[in-house]
Amino acid sequence: MKKIISAIATVALVVGTAVAVAPAANAACSGKLKIAYQGPLTGPEAALGINELNGVKFALKKFLDANKGANVDPTVYEVDDQGDPAVAGPIAPKVAAEECVVALVGPAYSGASKVSLPVYLSAGLSIITPSATNPTLPSFSKSIFHRAVLTDDYQGPAAARLIVSKNKNAKVFLVNDASDYAVGLQKTVDITLAGRVVGKDVTPTGTTDFTATIAKIKKSKATAVFYSGYFSQAAVFVKQLRDSGSKITFASGDGTLDDQFIKLARKAAEGALLTAPAIPMETASPKLAKEMAALGWKPGVYTTESYDAANFFLEAIKAGNTDRASINKYVSTKSHKGLSKTLKFDSEGEVSGADVNGFIVKNGKLVLLGAIK
Amino acid sequence: MDFALLRDAFWGLTFDGLALGAIYALISLGYTLVYGVLRLINFAHSEVFMIGTFSALVASGIMGVKVEDDPRTGWGMIFTLLVCLVAAMLASGITAVLVEIIAYRRLRQRGATKLATLISAIGVSISLVELFRIITDSLPREFPRIMDKTFLFSYAGADIRNDKVIVIIAAGLMMFALERFITKSRYGKGIRAVSMDENTSTLMGVNINKVITVTFLAGGLMAGAAAFFYILVYENTSFKVGFFLGISAFTAAVLGGIGNLKGALFGGFVLGILETYTSAVFGTAWKAVISFLILVLVLLIKPTGLFGESIQQARV
């Protein structure tokens, strides 16, 4: 008898566990539909996540103001992965299990995306990332993956062209922070610059002393350095570079394109060349940018793209789609005229017809140089 | 591998390594002092350092220094720097003493196992990190430039910068003062006596609690000085600043022989220089790998570390 009871208990346990972790793709949501946002909301990279969250919040507010009574929760379902794959891993299943979360804007970072996307794929949760630019991401998530920006396959070459356009005889030293994003981006910069690359170094996240790297840069006689990584460390690096007496061009990608970079690096940030497959809200729509700022949601890098992504999902809901599968089908097949561009995804979930923009830090402000040709 | 860089930029790398090593050495003194007396690794020591960096930041704000300001000059600059240094040292010293009273004393008096105390230390460390994560919104903070950074002179291709010279000299003076304190003062004698034999010291009339408080205070003051020097050179801090530096400083203490003051000093400088050299030769990504391999090798050959003695024997 004991054996039978234990067998039943085991079966019950297995079934129970299976139910608990089963994909919530078709589970019914009894309350209001929720739009989730995933990115770094705390941690050293939080500034970027907050920019994006603000875009989603603003889109949601505009939608609910225009569609009173819509069955959509007015609060964004916030998923804070700190931009860290180790944090994102355990969170993703919880998000997937939330029945009322029908769409997700994010994840913001490529490394965190790699661990989250397979979970969302099995849960059928549609995602549009506004900023994860690693080209390999579609292979992790197939049908549910959409990206509102161009990948590093475009950004890297554009960054290389920007450096060369400023200095025809540029000799470039490449530094990356060993993150998925940084390695991927540097690779494409490296290929485009080809013979102009005079040296490389890897300074893993958390590096505080760049002495040896700077010694290498000086010895290489480089006229420019391309830093592939995120703003908090980029600021420390560029400060030490300038303090060492070096005046060579500092260039970096979208990970560095943030007001926090200028705030942390101060004068050392002056003249820094930055790139992003993104367009500032102030340029895309000065009126909406002001409206956002008045609400206390200051727009920043990738706010416009997040706003567009959230609006595409909200448009799908407005069209009568109320579950994950139909919303995913809608964004995968239809198009949405956004502020940054028209979002029309190909079979890989990639967007086309977009630009990579160049920026320069001037008098403590980010100044748009325009699309990089 | 780029041995040519090490050859060409040898003096520059050595100088920068010394400045980094001075900071490691000051932090590692706290680990080694506490270990010498209590046989305990004070895992919260890295957070004592972190609090020092934030205190220097707050002190600079109170002194009216803004990040967008131009660097100060003359006596105003010296006074501001001193206030920041004292603020960092005091805050770290007080934090270290509080950590001892709150997290360790009761456990010690009740005869708790070393493991329980170790867990308590890790708990304090995590609590402090999370507290500062919340207070700072997880964002790094920039420290204003109080002193203009200029090159004093060039030697064999090495540009000698004023802030790093200050760090090396001031750290040296602090260590000398601590050494004198341990070897000459009454409390120093107490510290050495307790590290030699706690029970006998008690029988001889040494007030154990007082000695331990002084030990934590001394370690905290040194960590506070390290925090100020760190923020003077690198000009930024964050809630997790103590983590990487703490590991390096702890490694330095073990390398020199934990429990030994001279070992901690030597370990700090050696590790600072070693990290800079290995970064130059093998690439910064290999810094930790090579440095720790060397640490393992040293410990394999000399398990007690390079100096391998404890505080009580460091009197001569």
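Modeller: Start with one residue. The rule: buried means 20 or more other C-beta atoms within 10 Å of a residue's own, exposed means 12 or fewer, and partly exposed is in between, with C-beta atoms placed from the backbone. This is a predicted model, where local features need pLDDT of at least 70 and side-chain atom pairs count only at pLDDT 80 or more, while totals for chains, interfaces and linings use all residues. Residues are numbered from 1 along each chain as its sequence is written, and chains are lettered from A and ligands numbered from 1 in the order in which they are written.

Biologist: Where is A:Ala194 found?

Modeller: Helices (H or I, at least four residues) and strands (E, at least two) are DSSP runs, numbered from the N terminus. A:Ala194 sits in the loop between helix H7 (180-193) and strand S7 (197-202) of chain A. Its phi is near 40°, a positive value in a residue other than glycine. A:Arg266 also has a positive phi, near 50°. That residue is in the loop between helix H10 (259-265) and strand S10 (273-276) of chain A. A:Arg266 counts as partly exposed, because it has 19 C-beta neighbours inside 10 Å.

Biologist: Which residues does the cis peptide bond join?

Modeller: A:Gly106 and A:Pro107, with omega about -15°. A:Pro107 belongs to the loop between S3 and helix H4 (110-123) of chain A.

Biologist: What is the strand order of the open sheet?

Modeller: Two strands pair if DSSP finds at least two bridges between them. Here five strands of chain A run S2-S1-S3-S4-S5, with parallel pairing. Strand S2 (77-80) and strand S5 (145-147) of chain A are at the edges with a single partner strand each, so one side of each has no neighbour in the sheet. From one strand to the next, the twist averages 25°.

Biologist: How many bridges join S3 to S4 of chain A?

Modeller: Three, between residues 101-105 and residues 126-129. A:Leu104 has A:Ile127 in S4(A) as its bridge partner.

Biologist: Which strands does helix H13 of chain A lie across?

Modeller: Contact means C-beta atoms, placed from the backbone, within 7 Å. Axes are lines fitted to C-alpha atoms, for helices over the stretch in contact, and angles run from 0 to 180 degrees between N-to-C directions. Helix H13 (residues 303-318) lies across strand S1 (34-39), S3 and S4 of chain A, at about 155° to S3(A). Helix H14 (residues 324-333) of chain A packs on the sheet too, touching S3, S4 and S5 of chain A. Its direction makes about 40° with that of S4(A).

Biologist: At what angle do H2 and H6 of chain B pack?

Modeller: About 35°, with axes 9 Å apart, for helix H2 (residues 10-38) and helix H6 (residues 162-184) of chain B. Among the residues that meet are B:Phe15 and B:Leu26 in H2(B), and B:Val167 and B:Met174 in H6(B). For classes, Ala, Val, Leu, Ile, Met, Phe, Trp, Tyr, Cys and Pro count as nonpolar, Asp, Glu, Lys and Arg as charged, and the others, Gly among them, as polar. This contact has 14 nonpolar, no polar and two charged residues.

Biologist: How many residues does each chain give to the contact between chains B and A?

Modeller: Chain B gives 28 residues and chain A gives 27. On the chain B side, H2(B) supplies the largest share, four residues.

Technical notes
Two residues are in contact if their C-beta atoms, placed from the backbone, lie within 7 Å.
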